[in-house]
Amino acid sequence: MQPGMNIVVVGTQWGDEGKGKVVDLLSEQADVIVRFGGGNNAGHTLVVDGRQLVLHLVPSGVLHANKRVVLGDGMVVDPAALLEELAHLERSGLSLGPQELLLSSKAHLILPYHRALDELRETTTGALGTTRRGIGPAYEDKAARRGLRAGDLLHPARLRARLEAALAEANRRIVGAGGTPHALEQVLEPLERHGAQLAPHVADTSLFLDQQARAGRRLLFEGAQGVLLDLDHGTYPFVTSSTTLGGGVSAGAGFAAHRIDLVVGVAKAYVTRVGDGPFPTELAGEAGATLRARGKEYGATTGRPRRCGWLDLPALRYAARVGGVQALALTKLDVLSEVDPLKVCVAYELEGRRVEDFPADPDDLARAAPVLVEVAPFSGELARANAFEEMPENARRYIELIERESGLPVRWVSLGPGREQTLIRQPLSL
Ligand code: IMP
């Protein structure tokens, strides 16, 4: 990355594309790594020096030395979960003080009653298959203008008053859903304790990012989930409650869109989805189970088995369009090695018609049958390839097909979980 370069990384599918690894890789060249949406529904599994580390709130790039990380305005942050993650990192030898980790005063707080509501809804009718971390209910309170924000942690009287009002409303909803109401003091006491610990981290992060960018520092914005889970553009209502697009940086970090130099979209070589909702290329039975086992496709946050299917090219084109993606990082190509037959979806069939574009109406998507084409399978030790040219010919063709169909260059190819198992086809320069 050149001095002053600002990059965004987003997922192009339903999350779990391997963004954590790509962010970790690019972070080496960045000074500040920023989350701009979502909360601890995200989960990044990183393998560094053979050691596995799972992060939910703190950006993946933190594992490199001398990085500063920001939890941006558009996030919803569970104070207890953040403190637990900081303690987990500390046990791994990484201590993040207020200089290293900044929490936006505008980020909304996830409180126990949000988790309770999420849980209640997921166990009754209308379940969406959420991560049950309270994400949706916290964003609902934000939109309803009764949410508590990290900045409130600095003002005890305000914190109590806002909590009192928000809790009264939450308890009405909890009781209506058949749950037990939460007592004010039971929520407030731990919140004040956590608030005192987090207070030194609370900052005007938009101002901080502006100052950093003006000083020529390189900013890396780490998206959470994926474009197909975006609140507006995803497969509504089977979506998360925040913006997952490249453009989300503008609102979610208070950093103007025109200052972004590159939006990188991460695409897995096949597709997975956790939670409910349409998934045209899903593989049922044995074939799906094989892909799940080969790719170790279990949720980093909830441990749920991920639904698996073939690469969906119309969905990728759509994600590139609405997500503002300019270049791709392709992950887990090694998992497809020896998968035979190997297929990709090039269009859909809807009511007897061939449709090339991802349907805007999720009901159409649910009814769409994938038009699958068989591509030449590849085998061999992909992980040993040190350059694109060293990869098996059919693996190269698979990548070229993605480039042709998406109209985007595949600049990174990940061939295994380790940092070193990545082919960089085009280094970062403008
Ligand atoms: P929520 O974000 O917990 O409200 O869940 C809404 C939907 O988004 C569910 O289908 C979740 O499984 C999905 N989801 C949320 N975060 C992630 C993620 O990081 N990876 C994959 N799916 C996610």
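How much area do domain 1 and domain 3 bury between them, and what share of it is on carbon and sulfur atoms? About 2900 Å², with 62% of it on carbon and sulfur atoms; buried area here is the accessible area (1.4 Å probe) that two parts lose on being put together, summed over both.

Some ground rules before you click. This is a predicted model, in which local features need pLDDT of at least 70 and side-chain atom pairs count only at pLDDT 80 or more, while totals for chains, interfaces and linings use all residues. Residues are numbered from 1 along each chain as its sequence is written, and side-chain values use heavy atoms, leaving out hydrogens and water.

**Stop 1: colour by domain**

Select 6–107 plus 201–262 for domain 1, 109–198 for domain 2 and 267–424 for domain 3; these bounds come from an automatic or database domain assignment. The C-alpha centres of domains 1 and 3 sit 24 Å apart. Across that interface, 36 residues of domain 1 are in contact with 40 residues of domain 3, contact meaning heavy atoms within 4.5 Å. Now show Trp-14, Asp-16 and Lys-21: they supply 23% of the area that domain 1 buries against domain 3, more than any other three residues.

**Stop 2**

The cut-off is a side-chain nitrogen of Lys or Arg within 4 Å of a carboxyl oxygen of Asp or Glu. Between domains 1 and 3 there are 2 salt bridges and 14 residue pairs in polar contact, both residues at pLDDT 80 or more. (A polar contact is a pair of N or O atoms within 3.5 Å; within protein, one must be able to donate a hydrogen and the other to accept it, and residues adjacent in sequence count only if both atoms are side-chain atoms.)

Next, highlight helix H1 (19–27) and strand E3 (44–48), the elements that give two or more residues to the side of domain 1 touching domain 3. H1 gives the most, with 5 residues. Helices (H or I, at least four residues) and strands (E, at least two) are DSSP runs, numbered from the N terminus.

**Stop 3**

Select Asp-31 and Arg-218, another salt bridge at 3.2 Å, N to O. Asp-31 is in the loop between H1 and strand E2 (32–35) and Arg-218 in the loop between helix H7 (205–214) and strand E10 (219–222), so the pair ties together parts 187 residues apart in sequence.

**Stop 4: a charged network**

Pick Arg-121, Glu-140, Asp-141, Arg-146, Glu-169, Arg-172 and Arg-173, which are linked in a network of salt bridges. Within it, Glu-140 pairs with Arg-173, the closest N and O atoms being 3.3 Å apart. Glu-140 is partly exposed at 32% relative accessible area, whereas Arg-173 is buried at 17%. (Buried is under 20%, exposed over 50%, partly exposed in between; 1.4 Å probe, protein chains only.) Glu-169 and Arg-172 meet at 3.0 Å, N to O, and both lie in helix H5, 3 residues apart, about one turn of the helix.

**Stop 5: His-64**

Is His-64 buried or exposed? Buried, with a relative accessible area of 10%. Find His-64 in the loop between strand E4 (51–55) and strand E5 (68–71). Not counting residues up to four places away in sequence, His-64 touches Asp-24, Ser-27, Glu-28 and Arg-419. Draw a distance from the His-64 side chain to the backbone oxygen of Asp-24: 2.6 Å.
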